[in-house]
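Reader: I would like to learn how to read the features of a model like this one. Please show it to me, and we can go through it by question.

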Amino acid sequence: MESIETSGSALATGSINARFISQNKLDEANDRRDQEWKEAYARWVAFGRLEEQRLLKQEEWDNKMKLGNQYRGLHADEYDFLSEKMKEQRDKERRVKDQDNAEVMDALAKKYAAEVAAAEPSIPAASPSDLKPTTTAPAPKRAPPKSGKKDMKSLLKGVVVKKKPGTGTVAKRRTEGDETPDKKRKL
């Protein structure tokens, strides 16, 4: 019988204990697995809390950086400063405008004076001894004739007009040519 016992699978594996696991080892393995699951769950919960905190901080930052929160009302000092700067700017613009108007008026006055001088007949210069007191009233000064547009046009010939920036070549090109660029290409 000995040969029967030795020829079985128990001899091939070494012992019977090697083929079976005890209940203690199963309980330990289950406890270990449960502990690993608890640790993993705790890490996941901690990550969730960190994620919530990160989202709250991000939301606070977004609210702080919103466009509406970046503007605030002006303080009295700031308002006074800006008002003073605007007043200075308006005064400067007014002075420039007045200066331009004065230059235009001077140019028109010179032009008008030159035309009046050209229109009056020239009187030969007389010496003081040639002048005799007369009892006749001096001749009234003649006003230049007003002929509407023609005189105004001639008065404005020497005036320089400042053009506004931006009115330039695009508008000129369109008014100069009858054809649009697309029509020119097709021809």
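Reader: Is Glu88 buried, partly exposed or exposed?

Author: This is a predicted model, in which local features need pLDDT of at least 70 and side-chain atom pairs count only at pLDDT 80 or more, while totals for chains, interfaces and linings use all residues. Residues are numbered from 1 along each chain as its sequence is written, and side-chain values use heavy atoms, with hydrogens and water left out. Buried means under 20% relative accessible area, exposed over 50%, and partly exposed in between (1.4 Å probe, protein chains only). Glu88 has 38% relative accessibility, so Glu88 counts as partly exposed.

Reader: Which residue forms a salt bridge with Glu88?

Author: A salt bridge is a side-chain nitrogen of Lys or Arg within 4 Å of a carboxyl oxygen of Asp or Glu. For Glu88 the residue is Lys85, with the closest N and O atoms 3.8 Å apart. Lys85 is partly exposed because its relative accessibility is 42%. Glu88 and Lys85 are three residues apart in helix α5, so about one helical turn separates them. Helices (H or I, at least four residues) and strands (E, at least two) are DSSP runs, numbered from the N terminus.

Reader: How many salt bridges does a search of the whole structure find?

Author: The search finds four. One of them joins the side chains of Arg54 and Glu51, at 2.6 Å from N to O. Another joins Asp98 to Arg94, at 3.6 Å between the closest N and O atoms. Asp98 and Arg94 also belong to a network of salt bridges that includes Asp91.

Reader: How is a pair of aromatic rings described?

Author: By the distance of the centres and the angle of the planes. Rings of Phe, Tyr and Trp (its six-membered ring) pair if their centres lie within 6.5 Å; planes under 30 degrees apart count as stacked, over 60 as edge-to-face and the rest as tilted. Searching the whole structure gives one aromatic pair. Tyr41 and Trp44 form this pair, which is tilted, with 6.0 Å centre to centre and 35° between the planes. Both residues lie in helix α3, three residues apart, about one turn of the helix. Tyr41, at 53% relative accessibility, counts as exposed, and so does Trp44, at 59%.

Reader: What does the protein chain come to in secondary structure?

Author: Eight helices and zero strands. Of the 187 residues in the protein chain, 1% are buried.
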